[in-house]
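Let's take a walk through this structure together. Have a look at the fold first, and then we'll go from the whole chain down to a few single residues.

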Amino acid sequence: MKITAVQTVVVNAIHRNWIFVKVLTDQPGLYGWGEATLEWKTRAVCATIEDLEPFVIGEDPTRIEHVVRRMTGFSFWPLGAIGLSAVSGIEHALWDIKGKALGVPVHDLLGGRVRDNVAVYTHLRRAKIGAQVPTSDVNAFCDAVQETVEMGYNAIKLGFVPYTGYTAPLPEVRHVEKLAHAVRERVGDGVEIMTDFHGRPDSVEAARAYIDAIAPIKPLFVEEAIQPGDAGAMAELARQVACPLATGERLFTPREFADLAEKRAVAYIQPDLAHCGGLTGGRKIAAIAEAAHMGVAPHNPMGPVAGAVALHFDLATPNFVIQEEAVGLVPWFRDICTQTYPLDMQNGVWGVPGAPGLGIEINEAEAARHPFAQEEIPALEAILPDGRIANW
């Protein structure tokens, strides 16, 4: 079996363009799907996939590690977020091909499942664009949280923290404290609450002020309390607060995660399988985390193929904890797929897919109804009162 072509199908989902990758083979009707979505870098990722195609044409798609090393090793220059997203999308499709060729689901190829379902969490109103509620209105925000939980979720991630610089103004800290307590009181102790700082605090001290305000509600974790990439600073913060920390969506290589593990900087890592080299990279990262007693809570606010990849990874990863999803991002999220769709949530969990490969197919006719368009970029609103650009 040989790879004959690599194609991209781009679908506009308002705040991001989903980049689906289709790898074709010389076996009639045998192909695989992957996803390489990277917010606001669509043109760059698609062009990089074109650049990587010569490294994989003619190769055996079942030699997945070998093909990945062709893309990364022959590239010479470190690939970074754009390059590794392109690699990830192609890599996903290779697993899909191999599973289809052997007639087994991908999780069987990863050593078999170690659990019977996958716990998931969502965002406010399932991340539906245009349905968000400002944190300034505590009652309305709590109503939206309750509405989300009543959709069947046992866990939700929320953004409590405002755009922040090197200091945390006391009125802002007091409001975050009030909001967090109100949410916990509304949903009770039976719902896991996570909060994403998005790396907004520029200093350990500012991050600590907000974490101390949130700590009494016992969140499962505080995500990206500071900007990623400084494992020492994250470890310093972890020693000072009473909340578990998480990070990793903007880290890409085993070496970066090894730095976190060596310093015991967080309780949970959050690799994104559409950015970290796919299942090949994600499995190595998970093993590093397991050796350091860290759980894995993969990042995934993207499209349905990325969700399917995460589902198979989660089923076969012993130190998996909980999976992010955003299936409410657009009202036609499921319509972009054929009837084969493994991401139905019931009672807060995804079930076990039995179809060969990833168990998901893109409806290309439906995809064509949502062609590439310039994304709406919410990050452009990230400006501090004095006019300085903040971390979104």
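Helices (H or I, at least four residues) and strands (E, at least two) are DSSP runs, numbered from the N terminus. Strand 8, for instance, covers residues 245-247, and T247 is found in it. What you're looking at is a predicted model, where local features need pLDDT of at least 70, side-chain atom pairs count only at pLDDT 80 or more, and totals for chains, interfaces and linings use all residues. Residues are numbered from 1 along each chain as its sequence is written, and side-chain values use heavy atoms, with hydrogens and water left out.

Now the overall picture. The protein chain has 12 helices and 13 strands. Along its principal axes, the C-alpha trace spans about 65 × 40 × 40 Å. The radius of gyration (taken over C-alpha atoms) can be held against a globule rule of 2.2 Å times the number of residues to the power 0.38. For 392 residues, a compact globule would come out near 21 Å, so the 20 Å of the protein chain agrees.

Next, the inside. Buried means under 20% relative accessible area, exposed over 50%, and partly exposed in between (1.4 Å probe, protein chains only). Buried residues make up 56% of the 392 residues in the protein chain. In soluble globular proteins, nonpolar side chains tend to be buried together. A nonpolar core is a set of buried Ala, Val, Leu, Ile, Met, Phe, Trp, Tyr and Cys residues joined through side-chain atoms within 4.5 Å. The largest one here has 118 residues, and W18 and F160 have the most contacts inside it. Helix 11 (residues 304-316) gives the most to this core, namely 8 residues. There's also a second, separate core of 9 residues, with L220, F221, Y268 and A297 among them.

Back to T247: is this residue buried or exposed? With a relative accessible area of 1%, T247 is buried. Contact means heavy atoms within 4.5 Å. Leaving aside neighbours within four places in sequence, T247 is in contact with E224, P228, M234, L260, V266, Y268, I269 and Q270.

Finally, visit V149, which sits in helix 5 (residues 138-149). Apart from neighbours within four places in sequence, V149 is in contact with V187 and V191. The C-alpha atoms of V149 and E324 are separated by 15 Å, with the two residues 175 residues apart along the chain.
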